Amino acid sequence: MDACESCERASVEILEACDDPGHPYRLCSPCHARLLKRSLRPLEWFNLAKRHGWWLHLLHEDFYSQDGIADQPLEEVSSPSDFPAPTLEASCSDLESLFQFSVTRWDIRPDLLDAWRRFAEPQVLSFLYSRFTDPLEERFRYRAISLAVALAGGRASHFVREAWRLHREAFGISALASLSSESMSVEDALSLVLPELESLGPDRTREHLHCLFPLASPPLLEWIETHAASPVVNTWGELAARCEPDVDRLHVWIQRGRPLSLVALDTLLVQILATERGNATYPWKSKVHALLDDLVELRSADPAPRVKDTIDAILSRVI
Ligand SMILES: [Zn+2]
């Protein structure tokens with residue numbers, strides 16, 4: 001009989017499928033009881049998290065700390081200090097151990113990346129690619145590609161192109177856009193992201209606009225012009241603000257009226273607020289001065305409260 005996935009000593013007695021029917025926990029009876037009582041020892045939590053993922057219900061962060069310490073045990077944890085989880089330092093002897101440690105982390109921190117950088121990059125990418133393409137490692141595919149992109153950027157773009165080809169649905173457009181922005185030129189990334197976004201239809205495009213934030217750049221302004229549609233959510237302005245349209249373009253947007261006039265107003269206000277908060281430095285003041293006549297005119301032409309309030313908020317900064 002196989003060894004229990006938790007203690008790795010006793011024989012498997014129970015298959016517990018409550019968290020993942022297709023991939024049950026294989027456990028001895030005592031470990032099964034501790035799993036259900038949220039009272040695994042740190043090493044037992046680690047051994048299950050490295051196989052199944054820390055995000056499953058019985059292992060997730062509400063019940064255990066990042067070191068596998070039970071936060072809400074339904075019974076006292078038995079001798080936890082005798083069963084510590086491996087540390088990062090102890091997991092650096094080989095790539096397999098480091099990957100196991102990596103998939104138990106809630107997120108990818110700089111010290112984890114530093115540990116991976118102790119190994120030669122070609123060796124690391126080859127290892128991560130084998131994990132990324134292994135059908136039995138599906139649950140850790142995203143962690144494998146995320147590590148590869150974080151470590152190698154454009155040298156891991158083949159991971160991302162393969163994800164677009166084979167795992168579009170599983171990853172989702174937001175994750176793919178983010179990975180693309182970190183591993184490809186803006187032009188290449190947009191050539192993949194924009195058709196996918198458009199295929200979602202106007203309503204879902206609107207919901208997913210934030211995935212373009214890391215790809216914000218002047219070429220995207222033309223796409224905004226042809227795709228912004230009512231109802232104009234503020235996200236259009238947030239996106240446009242990051243693309244930094246010049247005065248001439250904002251002037252045209254205001255003159256064209258809705259929906260682009262609304263996007264132009266939101267763009268200015270987003271740039272003003274971001275600058276005031278210290279999150280960015282946009283030269284918004286000169287733009288507002290250059291657009292004063294346009295803004296006053298629009299305030300009369302479109303008396304909707306949203307328009308009036310936004311223009312008032314913008315003008316209050318310069319008058
Ligand atoms: Zn066990």
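**Exercise 1.** How far apart do the C-alpha centres of domain 1 and domain 3 lie?

*Solution.* This is a predicted model, in which local features need pLDDT of at least 70 and side-chain atom pairs count only at pLDDT 80 or more, while totals for chains, interfaces and linings use all residues. Residues are numbered from 1 along each chain as its sequence is written. Begin with the bounds, which come from an automatic or database domain assignment: domain 1 is 1-73, domain 2 is 86-215 and domain 3 is 219-319. The C-alpha centres of domain 1 and domain 3 are 52 Å apart.

**Exercise 2.** Determine how α8 and α9 are oriented to each other.

*Solution.* Helices (H or I, at least four residues) are DSSP runs, numbered from the N terminus. Axes are lines fitted to C-alpha atoms over the stretch in contact, and angles run from 0 to 180 degrees between N-to-C directions. The axes of α8 (residues 168-183) and α9 (residues 186-199) come within 9 Å and cross at roughly 165°. Angles under 35 degrees count as roughly parallel, over 145 as roughly antiparallel, 65 to 115 as roughly perpendicular and the rest as oblique. Therefore α8 and α9 are roughly antiparallel to each other.

**Exercise 3.** Classify the arrangement of α13 and α14 by the angle at which their axes cross.

*Solution.* The axes of α13 (residues 247-256) and α14 (residues 260-277) cross at roughly 135° and come within 6 Å. This makes α13 oblique to α14. On the α13 side, the contact (C-beta atoms, placed from the backbone, within 7 Å) is made by Leu250, Trp253, Ile254 and Arg256; on the α14 side, by Leu260, Ser261, Val263, Ala264 and Thr267. The loop between α13 and α14 holds Pro259, and the peptide bond joining Arg258 and Pro259 is cis, with omega about 0°.

**Exercise 4.** Is Ser79 buried or exposed?

*Solution.* Locate Ser79 in the loop between α2 and α3. Its phi is positive, about 45°, although Ser79 is not a glycine. A residue is buried if 20 or more other C-beta atoms, placed from the backbone, lie within 10 Å of its own, exposed if 12 or fewer, and partly exposed in between. Ser79 has 8 other C-beta atoms within 10 Å, so Ser79 is exposed.

**Exercise 5.** Which residues of α3 are buried?

*Solution.* In α3 (residues 95-103), the buried residues are Leu98, Phe99, Phe101, Ser102 and Val103. Their cover includes α2 (42-52), α4 (110-116), α5 (121-133) and α6 (141-152).

Definitions and conventions
Helices (H or I, at least four residues) and strands (E, at least two) are DSSP runs, numbered from the N terminus. Two residues are in contact if their C-beta atoms, placed from the backbone, lie within 7 Å.
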